[in-house]
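Let's take a walk through this protein together. Have a look at the fold first, and then we'll turn to a few charged side chains.

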Amino acid sequence: MVQIRVGDGVYELSEPSSDELARRLASASPPLQEGGEPPPGSIQETLHDAVGSGEPPRLDDGQVALIGVVVEAWALEVDGDLPADVQDLRHAIAAHLG
């Protein structure tokens, strides 16, 4: 389960939604290092560390925008039929980034 801070809100994704978002982000991110670890400074590392800490990660607007692009592509692929938690995140990102 991952929490994502967008503006003043924190959006918690279920385990299935978190796993699917991570899978989709992987294709838009640098490849994993030997041993399967995310590259230092990558969004995957930031999210991975956040899951371990239980705290929402500190994401900059560029990282939030990348998540937004990935979620939008996901929405197109499933004709907008996203899980409710991902849909809430989608709307929050759109409102935050305008």
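A quick word on terms: helices here are DSSP runs of H or I with at least four residues, numbered from the N terminus. Keep in mind that this is a predicted model.

Start with the overall layout. The protein chain has 4 helices and 2 strands, and along the sequence they come in the order β-β-α-α-α-α. A compact globule of 98 residues would have a radius of gyration near 13 Å, and the chain agrees, with 13 Å. As for what's tucked away, 38% of the 98 residues are buried.

Now for the charges. The chain carries 5 positive and 18 negative side chains, and the whole structure holds 4 salt bridges. One of them pairs E20 with R23, whose closest N and O atoms are 2.6 Å apart. Both sit in helix α1 (residues 15-26), 3 residues apart, which is about one turn of the helix.

R24 is buried, at 12% relative accessible area, while E77 is exposed, at 56%. Together, E20, R23, R24 and E77 are linked in a salt-bridge network.

Finally, E72 bridges to R90, with 2.8 Å between the closest N and O atoms. E72 lies in helix α3 and R90 in helix α4 (residues 84-97), so this pair ties together parts 18 residues apart in sequence. E72 itself counts as partly exposed, at 33% relative accessibility.

Methods:
Residues are numbered from 1 along each chain as its sequence is written. This is a predicted model: local features need pLDDT of at least 70, side-chain atom pairs count only at pLDDT 80 or more; totals for chains, interfaces and linings use all residues. Side-chain values use heavy atoms; hydrogens and water are left out. The radius of gyration is taken over C-alpha atoms; the globule rule is 2.2 Å times the number of residues to the power 0.38. Buried means under 20% relative accessible area, exposed over 50%, partly exposed in between (1.4 Å probe, protein chains only). Lys and Arg count as positive and Asp and Glu as negative; His and the chain ends are not counted. The place of a charge is taken as NZ of Lys, CZ of Arg, CG of Asp or CD of Glu. A salt bridge is a side-chain nitrogen of Lys or Arg within 4 Å of a carboxyl oxygen of Asp or Glu.
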